[in-house]
Amino acid sequence: MVKKIILSIVNVAVVLIGISFLSFALLHLAPGNPAEKYLTGGDGMTGTISQEAIQAQEEKWGLDKPFFVQYLVWLGNACQGDLGNSYSSSRPVVTELLDKIGPTMILSVAALFVTLLISIPLGVLCALYKDRLLDNIVRGFSFCGISLPSFLTSLLALYIFAVQLKWIPIVSNGSFVNLLFPMAVLAFQCSAKFVRQVRAVVLEQMGQEYVRGAVARGVKKSRILFTHILRNVWLPIITWVGIYFGVLLGGASIVETIFSWQGIGQLAVESVNRQDYPMIQGIVLWMALLYLIVNFLVDLSYSLLDPRVRLRKGVRLQ
């Protein structure tokens, strides 16, 4: 176990360094100058900025140094927990991220909970009543959810419930009412895919030999479903839960921006528009670390739910 933990930490460090280097390189290859963008207020409406002023700002931020020097300086500081200061707000990147993690966490957990509440029962029912009315209706809604992009669903919800019905303010104030609609959009988008995945894996298990054998022995269908089938579909379901949770925590950028939800996603969009390199780099690192943590927890849950996973390699199952 200790060896596995050490190996996991080394793998995480290597992956994070690789991702940070690639994102750092892509940012510096992108067109535009963050110093010029900062001096012009981000909109270019403050008039002409002298080249001397731009150079002075670049020296202040260390952008005048060679690329590898900039990266090594950033990496050394990052290893000490310092991700630099935001170009826009001059606040530490870590502080900015900590301020936005809370709203994103609330939105993500709520959306994931609703997704599981809808998708697992509907997926199982669609598998049990394959090609019947319920299955066809759910699959129709699923196709709509998969086909509609999140920005269109968000804009329609905002137009109907904020502009026409005036149930919610257009600009979010962080209240529970403002949480409902971005949560509903995200849950709708995730459930459209999740319910089909649950349906597919339950159908796969229903076609296995052990199910046909249990039916032949006269075992009740309810017992087959809850004792055998659902027990065997938990591993893929947990994998999908980890994937969706990582996506949601990484920041549903479009949904958060449209509903003015002050989370990681909206911060990412604003940082890209302002060419805020330290903030973008911090968000990329946060998302990468998040996916690695979720992946580790999913792997850990496998060993808790399935005893076969805990067996050493080379041990033959009896």
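Me: What does contact mean here, and which residues does Val233 touch beyond its sequence neighbours?
Reply: Contact means heavy atoms within 4.5 Å. Leaving aside neighbours within four places in sequence, Val233 is in contact with Val201, Val202 and Gln205. The model is predicted: local features need pLDDT of at least 70, side-chain atom pairs count only at pLDDT 80 or more, and totals for chains, interfaces and linings use all residues. Residues are numbered from 1 along each chain as its sequence is written, and side-chain values use heavy atoms, without hydrogens and water.

Me: Why is helix 1 called oblique to helix 4?
Reply: Helix 1 (residues 2–29) and helix 4 (residues 67–79) pack at about 135 degrees, with axes 11 Å apart. Under 35 degrees is roughly parallel, over 145 roughly antiparallel, 65 to 115 roughly perpendicular, and the rest oblique. So helix 1 is oblique to helix 4.

Me: What makes a set of residues a nonpolar core?
Reply: Its members are Ala, Val, Leu, Ile, Met, Phe, Trp, Tyr or Cys, buried, and joined through side-chain atoms within 4.5 Å. Buried means under 20% relative accessible area (1.4 Å probe, protein chains only). The largest such core has 37 residues, and Val233 is one of those with the most contacts inside it. Helix 8 gives the most, ten residues. A second, separate core of 20 residues includes Trp74 and Leu75.

Methods: Axes fitted to C-alpha atoms, helices over the stretch in contact; angles between N-to-C directions. Helix = DSSP H or I, 4+ residues; strand = E, 2+ residues; numbered from the N terminus. Buried < 20%, exposed > 50% of the residue type's maximum accessible area, 1.4 Å probe, protein only.
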